[in-house]
Amino acid sequence: MANYIHVPEGAPMVPKLDVTLDEHDYRAGALKLIKTLRPHWKPSEVKMKSFTDGITNKLIGCYVGGSMQDVVLVRVYGNKTELFVDRENEVKSFRVLQAHRCAPRLYCTFNNGLCYEFLQGVALEPEHIRSPAIFRHIARQMAKYHAIHAHNGWVPQSDLWLRISKFFSLVPTHFDDPEKDQRLNSEVPSTACLRDEMIWLQQNLSKLGSPVVLCHNDLLCKNIIYNQQEDVSLPKSLHLLHRAIATDWRCSVCPARMPPGPEMSNSLTTNMLGTIIKPLTLGITSMNLQV
């Protein structure tokens, strides 16, 4: 398997609970999970807060008392997301990152989701990540991911283009609803056009020589948590895979409408390289970090 994620020996096992949550009426199912994870909590006192920033999954915070000091996050997988998200790899990713102190604690999985530790802080907005004080923390945290070496000297290979091709196979070519079908044909480029663009990108980006490292692959602003101790966490790790290092950097700090200037680019590179152990062994330079 070209992108095997190896869980270190001694990493804690993650229990699997035979519980299925209804994403529209989740309280009863969530309480079954809490009964195992927090047996000392009284069900009548458990409060639940739904977080609305997710695109594909439903996220619920469970806690007791007036403050959210001890919160169990319950993530319910979105409908059919298993078609493009490898759930087994997601659990392995949590365990790998937890072993390297780069992720929140994973409490358990259940039939259609998982439960994990809540990290205190605020989700960032695009304007925040341009702050030097914040984007330097982001760069250092990203570098910790990138410095996790492959198992037994295995040379990682990126399967980015293979996965994009798989995603194309899931894209509908028409809808039965006339209005949706009209929008698809008028507003979305054809599959053939998108495939041609992908081939062009593959041919040109593959020449850059960007090192293939373990990447987060989902560094949207809302997936970056910043706390009052001026620390940054990247709690959402569904897509941890080996990819070109430049793709992680591009996804996190370079939203399409906010390209970085030279000062920001150089500072990011310096902070990433300063964090990676023996950075030269990865062959990383400011040139092959750029896309």
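A surface patch of the nonpolar kind is made of residues with over 30% relative accessible area and no salt bridge, whose nonpolar side chains are joined within 5 Å. In this predicted model, Leu83, Phe84, Phe167, Leu170 and Val171 form such a patch, with about 410 Å² of accessible area together. One of its members, phenylalanine 167, is found in helix α4, which covers residues 160–170.

## The chain as a whole

The protein chain has 291 residues, and 42% of them count as buried. Eight helices and eleven strands are found in the chain. The accessible surface comes to about 16,500 Å², and carbon and sulfur atoms account for 54% of that area. Among contacts between residues at least 6 apart in sequence, 66% join residues at least 24 apart.

The average pLDDT of the protein chain is 80, and 80% of the residues score at least 70. Over residues 275–291, pLDDT stays under 50. For that stretch the model has 39 contacts beyond four places in sequence.

## The nonpolar cores

The largest nonpolar core has 22 residues. Those with the most contacts inside this core are Leu97, Leu124, Ile138, Tyr145, Ile224, Val232 and Leu234. Helix α3 gives the most, with four residues.

What surrounds valine 232, leaving aside its neighbours within four places in sequence? Valine 232 is in contact with Ile134, His137, Ile138, Gln141, Ile224, Ile225 and Tyr226. Two of these partners, Ile138 and Ile224, are also listed among the core residues with the most contacts.

A second, separate core has 20 residues, including Val72, Val76, Tyr107 and Cys108.

Methionine 142 also has its place in helix α3. Methionine 142 counts as buried because its relative accessibility is 1%, and buried means under 20%. Methionine 142 and cysteine 102 are 40 residues apart in sequence, while their C-alpha atoms are 9.5 Å apart in space.

Side chains of opposite charge can pair when their charged atoms come close. The count of salt bridges in this model comes to eight.

| Glutamate 90 | Arginine 75 | 2.4 Å |

Glutamate 90 and arginine 75 meet in a salt bridge. Glutamate 90 lies in helix α2 and arginine 75 in strand β4 (residues 72–76), so this pair ties together parts that are 15 residues apart in sequence. Both glutamate 90 and arginine 75 are buried.

Glutamate 90 and arginine 87 both lie in helix α2, three residues apart, which is about one turn of the helix. Both of these residues are buried as well.

Glutamate 88 and lysine 92 also both lie in helix α2, four residues apart, again about one turn of the helix. Is glutamate 88 buried or exposed? Glutamate 88 is exposed, because its relative accessible area is 55%, and the exposed class begins over 50%. Lysine 92, at 22% relative accessibility, counts as partly exposed. Through shared partners, salt bridges join Arg75, Arg87 and Glu90 into one network.

## Backbone angles in two loops

Most residues other than glycine have a negative phi. Lysine 80 has a positive phi of about 65° although this residue is not a glycine. Lysine 80 is found in the loop between β4 and α2.

Arginine 101, also not a glycine, has a positive phi of about 60°. The place of arginine 101 is in the loop between α2 and β5 (106–110). Arginine 101 counts as exposed, because its relative accessibility is 79%.

Conventions. Residues are numbered from 1 along each chain as its sequence is written. Side-chain values use heavy atoms; hydrogens and water are left out. Patches are made of residues with over 30% relative accessible area and no salt bridge: like charges are joined within 9 Å, nonpolar side chains (Val, Leu, Ile, Met, Phe, Trp, Tyr) within 5 Å. Accessible areas come from the Shrake-Rupley method with a 1.4 Å probe; for residues, only the protein chains shown count as cover. A salt bridge is a side-chain nitrogen of Lys or Arg within 4 Å of a carboxyl oxygen of Asp or Glu. A nonpolar core is a set of buried Ala, Val, Leu, Ile, Met, Phe, Trp, Tyr and Cys residues joined through side-chain atoms within 4.5 Å. Buried means under 20% relative accessible area, exposed over 50%, partly exposed in between (1.4 Å probe, protein chains only). Contact means heavy atoms within 4.5 Å. pLDDT is the predictor's confidence in each residue, from 0 to 100.
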